[in-house]
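Okay, thanks for making time, everyone. Let me put the model up on the screen, and then I'll walk you through it.

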Amino acid sequence: MEQAGAIFVANGYRATSMSDLARGSNIAKPTLYTEFSGKLELYLTVLQGAMDVLAATVDTALHSAEGRRERIEALVTALFELTDTDSRAILVIRPDDTGEPSVELRIRRMLSTCAATIGRALGPESSSAAAQMLAMTLLTLVPRCAQDWVNAGRPISREEAIDTINMLCWNGIGDALRACTDTAGVTSIRPSQRQSAPAFRR
């Protein structure tokens, strides 16, 4: 499934044929059809594997640290390393335009579930809608940065790249999380905690 996932990531769902998948996986095409009825079923199988890995990665990262900052750092590291080592993660985080409703529905549900899990772990209250929204940002930002880093030929070390994203996430998402408060079940940002961006000095 990893070989099939890599082919889907490289070519996209629409441009990938069963012949491509059979050739890239070193499996005879008739044999592939005995296991899967067609490309969609194979894609859904690959996607489910990617979602299982992502869910386990998020869960492990959240339970590996205590404290909001430590959990953000653990998540950034885990998501970056996952994207670097398993390209299937991109199928979930940056989904291809497959045109298949079943694919889109599964991805939306998966991302919402992961964001809710992260939001509960990072947010000031379990009902914090703002924390969940910021969690979705974290969940999509880090893999995007990791993929761009890979596509650029890894111009800096992975450790330096992770440290840079951690600084961005903590100073940005961390500040937003600290400003979140729940009042009567509605999350808001206290006006006194909104900070304007510093002006650039010439």
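This is a predicted model: local features need pLDDT of at least 70, side-chain atom pairs count only at pLDDT 80 or more; totals for chains, interfaces and linings use all residues.

Before we look at who touches whom: when I say contact, I mean heavy atoms within 4.5 Å. Residues are numbered from 1 along each chain as its sequence is written, and side-chain values use heavy atoms, with hydrogens and water left out.

So, the overview. The chain has nine helices and two strands; those are DSSP runs, H or I of at least four residues for helices and E of at least two for strands, numbered from the N terminus. Reading from the N terminus, the order is α-α-α-α-α-α-α-α-α-β-β. Of the 202 residues in the chain, 41% are buried. Buried means under 20% relative accessible area, exposed means over 50%, and partly exposed is in between, with a 1.4 Å probe and protein chains only. And if you take contacts between residues at least 6 apart in sequence, 66% of them join residues at least 24 apart.

Let's start at helix H1, residues 2-11. H1 packs with helix H4, residues 39-63, at an angle of about 105°, and their axes are 10 Å apart. For these numbers, axes are lines fitted to C-alpha atoms, for helices over the stretch in contact, and angles run from 0 to 180 degrees between N-to-C directions. That makes H1 roughly perpendicular to H4. The labels go like this: under 35 degrees is roughly parallel, over 145 is roughly antiparallel, 65 to 115 is roughly perpendicular, and the rest is oblique.

Which residues meet there? From H1 we have Ala4, Gly5 and Phe8, and from H4 we have Lys39, Leu42, Tyr43 and Val46. Sorted by type, this contact has five nonpolar residues, one polar and one charged. In this scheme Ala, Val, Leu, Ile, Met, Phe, Trp, Tyr, Cys and Pro are nonpolar, Asp, Glu, Lys and Arg are charged, and the others, Gly among them, are polar.

Ala4 is buried, at a relative accessible area of 3%. Not counting residues up to four places away in sequence, Ala4 touches Leu21, Ser25 and Val46. Ala4 is also 18 residues from Ala22 in sequence, with 8.4 Å between their C-alpha atoms.

Moving along, we get to the loop between H4 and H5, where you'll find Ala65. Is Ala65 buried or exposed? Ala65 counts as buried, at 13% relative accessibility. Leaving aside neighbours within four places in sequence, Ala65 is in contact with Glu70, Arg71 and Ala74.

Next up is H5, with two partners to show you. One is helix H7, residues 101-122: H5 and H7 pack at about 150°, with axes 9 Å apart. That makes H5 roughly antiparallel to H7. Arg68, Arg71, Ile72 and Leu75 in H5 meet Ile118, Ala121 and Leu122 in H7. By type, that contact divides into five nonpolar, no polar and two charged.

The other partner is H8. Helix H5, residues 68-85, packs with helix H8, residues 129-151, at about 45°, with axes 8 Å apart. That makes H5 oblique to H8. The contact involves residues including Leu75, Leu79 and Phe80 of H5, and Leu139, Val142 and Trp149 of H8. Its residues split into twelve nonpolar, two polar and one charged.

Gln147 is buried, with a relative accessible area of 16%. Skipping residues up to four places away in sequence, Gln147 touches Thr83, Ile90 and Arg94.

Cys145 is partly exposed at 25% relative accessible area, while Cys169 is buried at 1%.
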